[in-house]
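Student: I'd like to learn how to read a structure like this one, feature by feature. Can we look at it together?

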Amino acid sequence: MGLRSNNLRNLLRELMRRPAVLVALQIFGAAGFVTAQTDQASPSVTRFVDHSLLVAPEYPCTWPAHPFPRFQLTHERTIGPDSPYNVDVLLIDGNTGTQLDVPPHSVARPDLKRPKSGPLGLAFTETIEPWQFGGEACVIDVRDLLDQAPKGVSPLVTPAHVKRFESKYRSLKFGDVALFRSDYSDKYYKPLPEGSRFIADVVDRRSPGYPDPDPHCMEYLAERGVMTVGTDSASMGPMPNLAEPTHYAGLRHGMIWTEGATNLGSLPATGAFYCMLAPRHQGGPYSECRAISVVGGDLPKRLIASATAKRAVDLSPVLAPNLPLTSPGHRTGQHRQTYLKIDFLYAEYLDLWHHGHLMDASAGTHLVPPSYALPPEGTKPEYSPEVRGWLADYEQKYGPRGTSSLTTEKVPLDWTCGPIRIINVQTLVGSTDQKSWPASPIVTPELIQAEEQRSGGLRPGEIVVLHTGHLDQHLKPSPNESGVWSDPLAGKSEGWPALGVDAVVYLKSKGIRCVATDAPDLGGVDPRNALMTYWALGSREMVGIEFLYNVHHVNNGNYLLFAALKIRDCHAGPGRAIVFQ
């Protein structure tokens, strides 16, 4: 039986001795999602709620009309003789699953000098300030509109619906996230062909449209100072002819919003913290994203206050084709899929192309789950002779390598969100002998313990961040990109500080579940050390966050929110890391 199965069995034994409400919450939390209604949960228990649609080929996760590309997940390499890792490649565009819209979706660039031109026409996904992605969730109940319209027509959310919420609870204000809850995605986001009801049947006028705000509603929200909105409909645009007017009515004020949210019924009407976490695509008028909420306890109030005061720091670099976002490999033929922008539809008025991306699943800031380096339960991969030797050495010292099927969509949100604990490892830079290159300095338990002596012992639930400074110094566009990967891998410069196996073992003993780095990866340039590090992380059910930057702008105790895209069966996952101070 695999490690995850053993842990779940032990968890169930423990939960049998606990109150029924906590049993339900923790079982759902162990599976990576929460479905319990808020009236069943203790208000003093902090929990994370996922509002993201599952992205998978058999779901209606992409806009179905020509020429929008279909989502594709390619398992480019699987653990075996040619690779000790599971390596995935994504073909994905920003209109996939739960998604983010920003002003250039409808606002033209100022240089075009058109009626809808303005400075916000330059507010692409990589330029939106990080504080705007979060705020207090104000759940506006519009379930009475569901299916209450002719086929192909959206029932309209008007200012009256917002005023109904305000009369019952409070007036909306700056710092709020207005979420329109119709339960549309909960009811209709299903595998195809039944899932055609989600978008395609509406477009073809075979079913009533999804509820959405009209332009007057957007103007009313803008008057209230609301800058962030969300809907559990497939789009923020009412069908058949109000999509663009509604988009422009909100985006011209600098709003951003979630489309395709789900599970809004798990939130109280007010008081939860809601956040969108979307990759920073260069020049992106929209982006696929992960939407999450924090409910219960004191944490939501703290995060709401930080977002409202604009105290947030982005730790994720921009994703662009001219940046070295993926590994060129240790040897010829081992490179990862480079990040490519793929244009597919020209918007004449905006003078821009709708575009998707072909990218390695570990491009830019990303999650490393146990299944990245561990084979699935019940399998015995045939490694290369070299890797078999490494495995024998590893298991002799550290025990069984283990197995795992814990892919990105199964990683619980509370594993990758928590207070930051910075371990400054910049003292290691320059500590290796040039004759030993390619080599990375190794982070040891002793170094971590020295940091604990200075700033206190590690605590369970903290997100340990290795501050190397590598990407801050070397992340540059071509032709000056070699300092990130190429030179260290080729032995032309020292490798970035890497996490050693003994340090992994020590961190686990301290209750640490997640380790992050502002270097390209946690394993470093020595393939043997790297693989052993990932085996050690995976076999202890620990996860990694790689490719951060800006760590020098945050402090211990600041709160990190990170989540990867919710892609089924993906062995790594691009995401967004934002710290609220």
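Predicted model: local features only at pLDDT ≥ 70, side-chain atom pairs only at ≥ 80, totals over all residues.

Student: Which residues have the most contacts inside the largest nonpolar core?

Tutor: A nonpolar core is a set of buried Ala, Val, Leu, Ile, Met, Phe, Trp, Tyr and Cys residues joined through side-chain atoms within 4.5 Å. Buried means under 20% relative accessible area, exposed over 50%, and partly exposed in between, with a 1.4 Å probe and protein chains only. Here the largest core has 40 residues, and Phe-273, Leu-561 and Phe-580 have the most contacts inside it. Several elements supply at least two residues each, among them strand S5 (134-141), strand S11 (272-277) and helix H8 (299-308). S11 gives the most, with six residues. Helices (H or I, at least four residues) and strands (E, at least two) are DSSP runs, numbered from the N terminus. Another core, of 39 residues, lies apart from this one and includes Met-359 and Ile-567.

Student: What is Phe-580 in contact with, leaving aside its neighbours within four places in sequence?

Tutor: Contact means heavy atoms within 4.5 Å. By that test, the partners of Phe-580 beyond four places in sequence include Trp-131, Phe-273, Leu-303 and Leu-561.

Student: How many salt bridges does a search of the whole structure find?

Tutor: Side chains of opposite charge can pair when their charged atoms come close. The cut-off is a side-chain nitrogen of Lys or Arg within 4 Å of a carboxyl oxygen of Asp or Glu. The search finds 28. One of them joins Lys-116 and Glu-244 at 3.5 Å, N to O. That pair links distant parts of the chain, with Lys-116 in the loop between strand S4 (99-101) and S5, and Glu-244 in helix H7 (residues 243-251), 128 residues apart. Lys-116 is partly exposed at 27% relative accessibility, and Glu-244 is partly exposed at 33%.

Student: Which parts of the chain does the Glu-136 and Arg-170 pair tie together?

Tutor: The closest N and O atoms of Glu-136 and Arg-170 are 3.2 Å apart. Glu-136 lies in S5 and Arg-170 in the loop between helix H3 (159-168) and S7, so the bridge ties together parts 34 residues apart in sequence. Glu-136 is buried, at 12%, while Arg-170 is partly exposed, at 23%.

Student: Are Asp-183 and Arg-181 buried or exposed?

Tutor: Both are buried, and their side chains meet in a salt bridge of 2.9 Å, N to O.

Student: At what angle do helices H9 and H14 pack?

Tutor: Axes are lines fitted to C-alpha atoms, for helices over the stretch in contact, and angles run from 0 to 180 degrees between N-to-C directions. H9 (residues 385-398) and H14 (residues 527-539) pack at about 50°, with their axes 11 Å apart. The contact includes Trp-390 and Tyr-394 of H9 and Leu-531 and Trp-535 of H14.

Student: Where is Pro-69?

Tutor: Pro-69 is in the loop between strand S1 (47-50) and strand S2 (72-77). Its relative accessible area is 23%, partly exposed.

Notes: Residues numbered from 1 in each chain as written. Heavy atoms only, no water.
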